[in-house]
Amino acid sequence: MSENILLAQKIRQTVLEMTHRAGSSHVGTSLSMADLLAALYGGVLNVRPEEPEWEERDRFILSKGHGCAGLYAILAEKGFFPKDWLEDFYQNGARLAGHVTNHGVPGIELSTGSLGHGLSVACGMALAAKRNHENYRVFVMMSDGECDEGSIWEAAMFAGFHKLDNLVVIVDYNKIQSLGAVKDVLNLEPFQSKWDAFGWNAKEIDGHDMEKVESTFAQIPFQQDKPSCIIAHTVKGKGVSFMENELLWHYRSPDKEEYKAAMQELGGVQ
Amino acid sequence: MKTTFFHALLEEAEKDERIFLVVGDIGFGAIEPFRERFPDRFLNVGVAEQNMIGIATGLALSGKIVFVYSISNFPTLRCLEQIRNDACYHKANVKVVAVGGGFSYGALGPSHHVTEDISILRSLPNMTVVAPGDPLEAEGATKALIQQEGACYLRLPRAEEPQVHPDGFQFELGKAAQVQDGEDLTLISTGAVLALAAEVTQALKESGVKARLLSMPTVKPIDEEAILKAASDTPAIVTLEEHSIIGGLGSAVSEILAESSGKKVAFQRLGLPSEFSSKVGDQDYLKEHYGLSKDKILESIKGLLKLV
């Protein structure tokens with residue numbers, strides 16, 4: 001098994017521990033993006049945990065801020081901050097809040113939580129790199145439901161028009177948003193052609209096929225003068241059979257029994 | 001003051017290469033010199049204000065000092081959450097500039113009336129709010145906001161208002177500027193109604209009332225010291241603003257007075273009622289309708305002084 005597959009599994013285990021302990025929600029979204037995060041932090045992103053504000057670093061923005069547990073877990077795993085910070089996640093007096101918050105948390109580029117903000121800020125960072133002749137890249141992970149926001153399409157049009165080929169969007173397309181299936185709430189399809197029409201080069205991949213994920217990231221930018229979009233087909237709650245494709249796990253926190261069963265499936269120590 | 005603002009911005013941009021100008025497809029006849037002089041530090045995002053503030057934040061977090069320019073409520077209310085979550089929360093150097101404070105665009109209708117901006121923006125953490133009263137204040141404020149870390153809001157009128165302060169006036173962020181001293185009453189104004197406030201002060205003087213006139217361009221942080229001194233030195237305080245009486249200068253001053261342990265003063269807020277204008281008309285017409293004319297202000301002040 002590749003190291004990144006193991007890393008993804010580790011992230012899923014940590015997310016379960018964190019959400020179980022905290023009684024917090026949004027488990028499913030952290031599980032669906034775990035493979036993508038593992039690939040990013042397992043070799044794609046040019047970052048330095050010991051020097052989080054290194055000027056030449058690649059920027060990563062988790063625009064779907066409710067997936068914070070997954071991000072905190074991988075940042076701790078990579079050594080951006082001590083793992084014991086995860087222990088009181090979401091609890092009174094903790095460092096780590098229930099949406100991505102960067103105050104006092106190394107490695108987090110942007111605080112998010114309200115959907116549809118990350119891509120615009122990323123456009124500003126990518127444009128700054130272009131204007132300053134700097135080589136860093138800007139990655140934004142978004143949710144499918146987030147693409148309902150008009151601001152996403154303002155930013156998408158901007159990035160295409162300004163040829164920001166140092167900008168990469170990854171959509172964690174797990175097909176479930178807050179009140180139901182994406183196709184039933186506000187269908188995004190045809191999705192890839194929307195991005196293409198906005199001046200991007202978009203690819204659709206299986207977001208859980210690590211080899212495919214890694215080889216796709218290796219091709220960035222997909223095309224000169226165009227921003228890259230990876231539409232990653234994923235499964236909400238991936239890795240835990242009773243959480244997969246279940247809307248409930250956008251909200252529910254695993255109780256003791258569920259936690260034990262989930263950890264067993266993920267091969268983790270309880 | 002638009003011209004003054006752009007002149008000052010251009011001058012500072014010559015000295016500081018971090019200064020960047022982002023516009024939302026607004027500024028015909030005003031932005032051109034900057035765009036021509038600094039094409040690499042200029043950006044027109046198109047008609048997309050949410051994206052505009054997000055991009056400005058991204059640029060600011062990459063080391064730029066970003067002035068975002070538009071008119072009316074477009075760069076504030078349309079993208080309020082981006083200002084709050086992106087610019088303010090991250091203490092990003094995003095300076096939002098809106099032309100058209102109050103009824104500047106009177107006849108264009110209520111969509112273009114900027115009458116709640118100070119109230120709304122003042123309540124955001126990490127936000128500095130400035131409404132210059134004359135061109136000297138506008139020039140000083142523009143320069144001061146470059147030095148002020150974090151998110152700022154600069155409210156400008158549309159027209160070229162007259163100079164009220166003497167040549168050589170030094171703007172100080174967060175400080176009231178005394179235009180005239182007096183002991184019968186203190187009139188505090190913010191924004192472009194300063195010239196009107198000066199006319200009122202002069203008329204009061206002619207009728208034997210010695211009014212202190214304070215210009216209060218910085219509404220946040222408010223100059224608490226100057227307010228408390230006015231309360232101590234004069235028996236009455238009147239605030240004047242081309243803005244809703246809810247949440248603007250009048251509210252900011254009353255918050256200080258209500259919590260002070262000093263002596264009681266007669267107090268009145270002059271501004272706009274919390275309503276959408278049902279009248280069609282230019283700035284002066286609408287101001288007159290809502291009592292923001294010299295005669296009506298004098299009448300209000302004299303009424304208040306009878307209570308003293």
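**A walk through chains A and B**

Lys175(A) sits in the loop between strand S3 (167-173) and strand S4 (176-177) of chain A. Strands here are DSSP runs of E of at least two residues, helices are runs of H or I of at least four, and both are numbered from the N terminus. The model is predicted: local features need pLDDT of at least 70, side-chain atom pairs count only at pLDDT 80 or more, and totals for chains, interfaces and linings use all residues. Residues are numbered from 1 along each chain as its sequence is written, while chains are lettered from A and ligands numbered from 1 in the order in which they are written.

Lys175(A) is not a glycine, yet its phi is positive, at about 75 degrees. It has 17 other C-beta atoms within 10 Å and is therefore partly exposed. The scale calls a residue buried at 20 or more other C-beta atoms within 10 Å of its own, exposed at 12 or fewer, and partly exposed in between, with C-beta atoms placed from the backbone.

Chain B has a positive phi too. Ser72(B), not a glycine, has a phi of about 60 degrees. Its loop runs between strand S3 (65-71) and helix H4 (80-88) of chain B. Ser72(B) counts as buried because it has 22 C-beta neighbours inside 10 Å.

Next, the cis peptide bonds. The bond from Glu189(A) to Pro190(A) is cis, with omega near -5 degrees. Pro190(A) lies in the loop between helix H7 (182-185) and helix H8 (192-197) of chain A. The bond from Ile220(A) to Pro221(A) is cis, with omega near -5 degrees. Pro221(A) lies in the loop between helix H9 (210-217) and strand S7 (228-233) of chain A.

Now a helix pair. Helix H3 (residues 34-44) and helix H4 (residues 68-77) of chain A pack at about 30 degrees, with axes 11 Å apart. Axes are lines fitted to C-alpha atoms, for helices over the stretch in contact, and angles run from 0 to 180 degrees between N-to-C directions. H3(A) and H4(A) are therefore roughly parallel, a term for angles under 35 degrees. Ala34(A), Leu37(A) and Tyr41(A) of H3(A) meet Gly70(A), Leu71(A) and Ile74(A) of H4(A). Contact requires C-beta atoms, placed from the backbone, within 7 Å.

Finally, the two chains meet. Here 16 residues of chain A contact 20 residues of chain B. On the chain A side, helix H5 (118-132) and helix H6 (150-161) are the elements giving two or more residues. H5(A) gives the most, with nine residues.

Note on methods
Angles under 35 degrees count as roughly parallel, over 145 as roughly antiparallel, 65 to 115 as roughly perpendicular and the rest as oblique. Two residues are in contact if their C-beta atoms, placed from the backbone, lie within 7 Å.
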